Structures are given as structure tokens and as C-alpha cells.
Amino acid sequence: MKHSRFTLFPREQGFFPYVWLIYISLPIIFMSIEHGSRRVVGYLMIALFLVTYRQLFFARKSFPLWLGLQMTLMFILCVLYNPYNLFMGFYTASFIGYFKDSRRFFIALSIFYVMLILPLILNAHRMIIQDMYIVLPFTIVMMMSPFGMRSMFKKQQLERDLNRANERIEELVKQEERMRISRDLHDTLGHTLSLITLKSQLVTRLIDRDPAKAILEAREIEQTSRAALRQVRELVSDMRTLSVAEELKASERILESAGIRYTAEGDFRLKGISGLTQNILSMCLKEAVTNIVKHSQAEACMIAVGRTSGEILLTVSDDGIGWKEGPECQGTEGNGLKGMKERLSLIDGSLDLALSGGTVVSIRVPVVKNESGKECDTA
């Protein structure tokens with residue numbers, strides 16, 4: 001049985017949950033002035049509060065129970081210990097925004113308001129006017145925070161839904177393209193190849209009985225095969241290929257969604273370069289950008305293309321920790337890099353990976369001149 005690896009907080013949250021742990025130092029400091037069993041019970045409640053904080057990142061069905069326990073602990077620590085423990089409500093305020101259902105959201109919000117206001121009323125005799133000046137503004141901020149957090153989570157959810165929808169659209173387009181190619185191959189080449197098979201069988205039978213007739217049939221087979229070759233070329237030329245410039249726009253959207261700064265240098269139109277080469281370069285660019293977003297933890301990325309009389313150079317660099325941190329890049333060579341090299345080998349291209357203050361991927365594709373002196377790639 002495979003056991004899931006324990007994680008303190010969800011990896012996609014980054015350092016955000018750990019930063020919030022700093023604020024738990026205030027209740028711990030306040031508790032240090034207590035004595036005896038009162039201090040022990042207080043520390044136990046703070047520890048349980050931390051457990052609820054961790055669990056709320058992972059809980060699904062039990063989410064309301066953990067949230068209710070967290071509010072209860074905040075209320076007890078505020079009423080029975082230090083009024084300033086009310087600031088622990090910032091933790092709860094952020095989690096209330098997780099509720100997608102409006103009814104549950106407003107129910108949790110109403111209970112939270114009671115848990116905030118009631119301690120202020122009960123502690124009013126213990127607080128001086130200066131305390132109120134400090135506590136009241138923060139209380140108002142805590143009361144408004146769930147709305148801001150809910151709006152932010154809704155925006156993130158919409159972005160995720162949009163990304164999934166775009167991926168689905170891309171997949172449907174690919175499926176439609178495959179079906180179209182399949183229909184065209186069946187309609188255009190099926191009859192031709194069947195004809196070649198029949199004529200080949202006829203040549204086999206005639207070669208001894210009527211050699212002259214067999215030669216004529218063989219010449220017809222040659223003409224038919226040349227026609228089939230033209231049909232294949234027409235099919236390939238009609239296929240939808242993704243250009244480097246189009247993939248660059250898609251990469252820009254992915255990098256912006258991941259919060260990675262992006263710059264581009266060079267002419268990505270690559271005029272005069274075949275569709276096959278454009279398609280392979282596009283797939284390599286997509287793989288490189290995907291690795292940056294998933295594994296590099298980079299803050300900035302630069303994509304550059306250069307062209308000389310002898311080659312095309314596509315460079316993708318970042319300032320992250322290196323792709324080898326990612327699971328598919330473990331070992332001597334990851335599957336992603338291996339796939340890129342295999343694609344590039346089809347057009348005599350090469351790939352170099354450098355790890356120095358980030359990752360730099362250099363992709364080179366040779367360009368030769370034909371007899372007329374015009375540039376053309378090896379594809």
C-alpha cells in the first residue's frame with residue numbers, strides 16, 4: 001500500500017502559511033506571564049489552535065468543524081486570558097473566505113462577528129481607552145477581511161477554471177485535427193494504395209506470360225505512387241502547425257499566471273522556416289516554460305531568439321533554483337529534456353542545459369542555403 005508523503009502545509013501555498021506563524025508569537029508571549037496550571041492549559045490551547053490552522057488547509061468535509069474549534073479557542077483565549085489574543089481572529093478571517101457557498105459563508109461570518117464583538121464587551125472593564133484605540137481598528141479590519149479573501153479565492157478559482165477550459169479547448173482542437181487527418185488519409189490515400197496493391201499483384205501474374213504488359217503496369221504503379229506522394233505532401237502542408245510566435249503568446253500567459261516576470265528578445269516570426277521546424281521549436285519552448293513554472297521557483301524569465309546565416313538559436317533562461325529540483329528532472333536527464341532532444345534530432349538540432357544562478361536552455365537548429373542562395377532549414 002502506497003502512503004502519501006506528509007507535508008506540513010500544501011506546497012502550492014509556498015511560504016505563505018509559514019509567514020503567518022510569526023503572529024502566533026504574540027499569544028505565546030502573553031501566556032508566559034501566567035502561572036501554574038493556567039499557563040499549561042493556555043499553551044495547550046495555543047498548540048491546538050496551531051493544529052486547527054494546519055488542518056484547515058487540508059480539510060474538506062470536516063472544514064466547518066475545524067473552523068468552529070479555531071474560533072472557540074480564540075474566544076476562550078481572549079476572554080479568560082489576554083484581550084489582545086483577539087488578533088488571532090486574523091487566522092479565522094482568512095479561512096472563512098474559503099466557503100464557496102454563500103449561505104455557509106454568511107453563517108460562518110455571523111458566528112465570527114459574535115466571537116469578535118462579545119470578547120470586547122466582556123473585556124471592556126479590563127481595557128483602558130488606549131487599548132480600544134488599538135483593538136477597534138484591527139477588529140474592523142478582521143470583520144472585513146473575509147470578503148477580501150473570498151473575492152481573491154474566487155478570482156483564483158476563475159483563473160484555474162479558465163486554464164482548464166483553455167486546455168480542454170486545445171485538446172478538442174487536437175482531436176479534431178487528428179480526425180480530419182484520419183479522414184483525409186482514408187479518403188485520399190486509401191483508394192490509391194489499394195490500386196497500387198492490385199496492380200502489383202497483376203504485374204506478378206503478367207511478368208512471365210506478358211512481360212511488355214507487365215512493364216506498362218509497373219510504369220502505371222510508379223505514376224500512381226508519385227501521385228500518392230504528392231497527396232501526402234499536400235496533406236502535410238495543410239496540417240495545422242504551431243508557430244514559435246504563437247507559442248510565445250501562450251507562454252506569456254502561463255508565466256503571467258504563475259507570477260513570473262517575462263521578457264522576450266528577437267524576431268519570433270522566423271520567416272522562411274518550415275512548419276515542421278516551427279512546430280518542434282514551439283514544443284521545446286512549451287516544455288521549457290512548463291519546467292520553469294513547475295520546478296524553478298523563478299521570479300523572472302527571458303526568452304530570446306537569434307538567427308545567423310548558419311543556425312537558429314532559441315534561449316530560455318530563468319533565475320530559479322534549477323529544474324533538477326523537479327521530479328521529472330531527477331537523475332542524469334529528465335523525461336522532459338530527453339523528449340526535447342529527441343524532437344530536435346529530427347531536424348539535426350541540439351540542446352544545451354546550463355545551471356548557473358538559474359537555468360539556461362540553448363536550442364540550436366542549423367540553417368543551410370539552397371542552390372539559389374536562399375536560407376532554408378534542414379527539415
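View 1. Q297 is exposed, at a relative accessible area of 61%. Here, buried means under 20% relative accessible area, exposed means over 50%, and partly exposed is in between, using a 1.4 Å probe and protein chains only. You'll find Q297 in the loop between α10 and β2 (300-307). Its phi is positive, about 55°, although Q297 is not a glycine. Most residues other than glycine have a negative phi.

A quick note before you go on: this is a predicted model, where local features need pLDDT of at least 70, side-chain atom pairs count only at pLDDT 80 or more, and totals for chains, interfaces and linings use all residues. Residues are numbered from 1 along each chain as its sequence is written, and side-chain values use heavy atoms, with hydrogens and water left out.

View 2. The phi of L270 is near 50°, a positive value in a residue other than glycine. L270 belongs to the loop between β1 (261-265) and α10 (275-296). Helices (H or I, at least four residues) and strands (E, at least two) are DSSP runs, numbered from the N terminus. With a relative accessible area of 4%, L270 is buried.

View 3. Side chains of opposite charge can pair when their charged atoms come close. A salt bridge is counted when a side-chain nitrogen of Lys or Arg is within 4 Å of a carboxyl oxygen of Asp or Glu, and the count comes to 8 salt bridges. K199, K213, E217 and E220 are linked in a network of them. Start with K199 and E220, whose closest N and O atoms are 2.5 Å apart. That pair links distant parts of the chain, with K199 in helix α7 and E220 in helix α8 (residues 211-238), 21 residues apart. K199 is buried at 15% relative accessibility, whereas E220 is partly exposed at 35%. Now look at K213 and E217, which meet in a salt bridge at 3.8 Å, N to O. They are 4 residues apart in helix α8, so about one helical turn separates them. K213 is partly exposed at 37%, while E217 is buried at 7%.

**View 4. R38 has two partners, E34 and Y81.** The side chains of E34 and R38 meet in a salt bridge of 2.7 Å, N to O. The charged end of R38 also sits over the ring of Y81, 4.3 Å from its centre. To count as sitting over a ring, NZ of Lys or CZ of Arg must be within 6 Å of the ring centre and within 35 degrees of the ring normal. R38 is partly exposed, with a relative accessible area of 36%, and E34 counts as buried at 15%.

**View 5. Aromatic rings pair up across the sequence.** A search of the whole structure finds 22 aromatic pairs. Rings of Phe, Tyr and Trp (its six-membered ring) pair if their centres lie within 6.5 Å; planes under 30 degrees apart count as stacked, over 60 as edge-to-face and the rest as tilted. One of the pairs is F30 with Y84: the ring centres are 6.2 Å apart and the planes at 40°, so the pair is tilted. F30 lies in helix α2 (residues 25-31) and Y84 in the loop between α4 (63-80) and α5, so the pair ties together parts that are 54 residues apart in sequence. Y84 is partly exposed, at 21%. The F106 and F147 rings also make a tilted pair, with centres 6.4 Å apart and planes at 55°.

**View 6. Helix α5 stays mostly under cover.** How many of the 8 residues of helix α5 (residues 89-96) are buried? It's 7 of them: G89, Y91, T92, A93, S94, F95 and I96.

View 7. C78 is buried at 1% relative accessibility, and C301 is buried at 3%. A disulfide is a pair of cysteine sulfur atoms within 2.5 Å, and the structure holds 0 of them.
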